[in-house]
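Student: I have a structure to read today. Can we go through it feature by feature?

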Amino acid sequence: MKFIVCNNYQEISKKAAEIIADVIKAKPDCILGLATGSTPVGTYKELIAMNKAGDISFKTVKSYNLDEYYPISPDNDQSYRYFMNENLFNHIDIDMANTHLLDGEAKDPDAECKAYDKAIEAAGGIDIQILGIGRNGHIAFNEPDEALIAPTHKTGLTADTIDANSRFFESADLVPKHALTMGMASIFGARKIILLANGASKAEAIKELLSDEIKTSNPSTLLKLHNDVTIICDKEAYGE
């Protein structure tokens, strides 16, 4: 596990975008694993700028997102499909048919999750997976628990995650209580992982990443078992 400690959020975003751009340049038809939330927005802005400058192209890139609220319509402005369109896809030269998210309206969520894992496998697997990290150490919607689920699955959201995400909704009551999410095995299938973290609220979770312990009460600590993980964080998240 490699740590890159930056001075601020802008530096995190720029460094992450450079790593992703290197993957795209080396493999123009690569598979990107994408994340939502406020943390990767700066990285997406950097990638958009690189694309517009002609430094990278997404024409043959495919993407698979980590998760989606359930139930939710893709037209809902709080859905992750809407988020990705607004913050990345609408501004780059990617083929929308090559962008994939879990269906927040799936009538059979279990079948949807199984099909999603099979689709990623059929595509050749994810070349680089972007992750954020929750205050409680969750990655995607793999929440702290006594046991974690390996494949993509439907899960309930913890009160802490609902509270953290309520800033995007008119009230916490409107935050969906479930989500469809890649599981730990789905995430670990990526050949390379970068995790982005900024701010003091992430310091405790990052501190446990620096320890020798692996525990399901902080799902991110399982990343210590992957052979190519880079943590990019600011000094506040890195702590003392």
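Student: Which residue stands opposite His-178 in strand 8?

Tutor: Gly-156 does. Note that this is a predicted model: local features need pLDDT of at least 70, side-chain atom pairs count only at pLDDT 80 or more, and totals for chains, interfaces and linings use all residues. Residues are numbered from 1 along each chain as its sequence is written, and side-chain values use heavy atoms, with hydrogens and water left out.

Student: How many bridges join strand 7 to strand 8?

Tutor: Two strands pair if DSSP finds at least two bridges between them. Strands are DSSP runs of E, at least two residues; helices are runs of H or I, at least four; both are numbered from the N terminus. Here 4 bridges join strand 7 to strand 8 (residues 178–181), and the two run antiparallel.

Student: What is the strand order in the open sheet?

Tutor: The order is 4-8-7, with antiparallel pairing across the 3 strands. Strand 4 (67–70) and strand 7 (153–156) are at the edges with a single partner strand each, so one side of each has no neighbour in the sheet. From one strand to the next, the twist averages 30 degrees.

Student: How do I read two packed helices?

Tutor: Two packed helices are described by the angle between their axes and the distance between the axes. Axes are lines fitted to C-alpha atoms, for helices over the stretch in contact; angles run from 0 to 180 degrees between N-to-C directions. Helix 2 (residues 41–52) and helix 3 (residues 80–87) pack at about 40 degrees, with axes 10 Å apart. That makes helix 2 oblique to helix 3. Under 35 degrees is roughly parallel, over 145 roughly antiparallel, 65 to 115 roughly perpendicular, and the rest oblique.

Student: Which residues of helix 2 meet helix 3?

Tutor: Val-41, Tyr-44 and Ile-48 do, against Phe-83, Met-84 and Asn-87.

Student: Is Tyr-64 buried or exposed?

Tutor: Buried means under 20% relative accessible area, exposed over 50%, partly exposed in between (1.4 Å probe, protein chains only). Tyr-64 has 5% relative accessibility, so it counts as buried. Tyr-64 lies in strand 3 (residues 62–65). Its C-alpha atom is 6.3 Å from that of Leu-32, 32 residues apart along the chain. Contact means heavy atoms within 4.5 Å. Beyond its neighbours within four places in sequence, Tyr-64 is in contact with residues including Leu-32, His-100 and Met-182.
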